[in-house]
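Q: Could you take a close, friendly look at one part of this structure with me? I would like to follow it step by step.

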Amino acid sequence: MKKYFTIVTVSVVLMVLLGGCSEKVENADALLFTKGLELVNRMDMMAENDEYINLISASTQLGDIVREIGEGNYSEPNAVYKITIPKGVAASVFVKDEITEMPEELKTEIEKRFITAISSQINALNGSSVLAASSFVTSSDSFIHEGLINNTLYIYLYEGEYSAIVSFFPRNENIVEAYAGFIKNDFLNQISSYSEMSEWLKEYVPFDDYEIEKVKLAK
């Protein structure tokens, strides 16, 4: 049985250092990193729990894929990349000029749907069964966070077949919505540099107006 993050909220905040940032920004990014890991941990617990798997699916094939996901060790990522996406970028790629006629609330909803769909689009390339099984072990949360301005992705890379993407969306009154999912991609666990992550994003993310940062983890 893999160990879980029983003190992750405290330990990760102390562990994560983001070079070249102010103390305020550093603490803000550390919170996102921690929240992301908590969601990955929750998804891992789902994928390891037979009672949960039997409850959500009567399909033996899909259950086996979920258990395969649960066999991975997600307690400590090999690397984490932060992708900052300015508001309006994702939706404008798909609806172009039409988005200017929409109410702001709908623009926000479109952004969220397009960005959270990235993981599903990647998993769909592995077949409908992987897509369906991975949808059983997604997770979400909302929390208060003053430092987030733009839509943001945290990509957690692991040694096994599955990695994780956590999407963060800033809302009114400093509320942040977070959505997490596992992704299966043969190249992700081989990424070892900023340039390789940049090339991967160009292939799988349908827009290019974003910023990439590698989160520096203290060993």
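Where two helices meet

A: In helix 4, Gln61, Leu62, Ile65, Val66 and Ile69 meet Ser129, Val130, Ala132, Ala133 and Ser134 of helix 7; contact here means heavy atoms within 4.5 Å. Helices are DSSP runs of H or I with at least four residues, strands are E runs of at least two, and both are numbered from the N terminus. This is a predicted model, in which local features need pLDDT of at least 70 and side-chain atom pairs 80 or more, while totals for chains, interfaces and linings use all residues. Residues are numbered from 1 along each chain as its sequence is written, and side-chain values use heavy atoms, leaving out hydrogens and water.

The contact of helix 4 with helix 7 has seven nonpolar residues, three polar and no charged (Ala, Val, Leu, Ile, Met, Phe, Trp, Tyr, Cys and Pro count as nonpolar, Asp, Glu, Lys and Arg as charged, the others, Gly among them, as polar).

Now for the geometry. The axes of helix 4 (residues 60–70) and helix 7 (residues 128–135) come within 9 Å and cross at roughly 65 degrees. Axes are lines fitted to C-alpha atoms over the stretch in contact, with angles from 0 to 180 degrees between N-to-C directions. Helix 4 and helix 7 are therefore roughly perpendicular, a label for 65 to 115 degrees (under 35 is roughly parallel, over 145 roughly antiparallel, the rest oblique). Helix 4 passes helix 7 in a right-handed crossing: the near helix is turned clockwise from the far one by less than a right angle.
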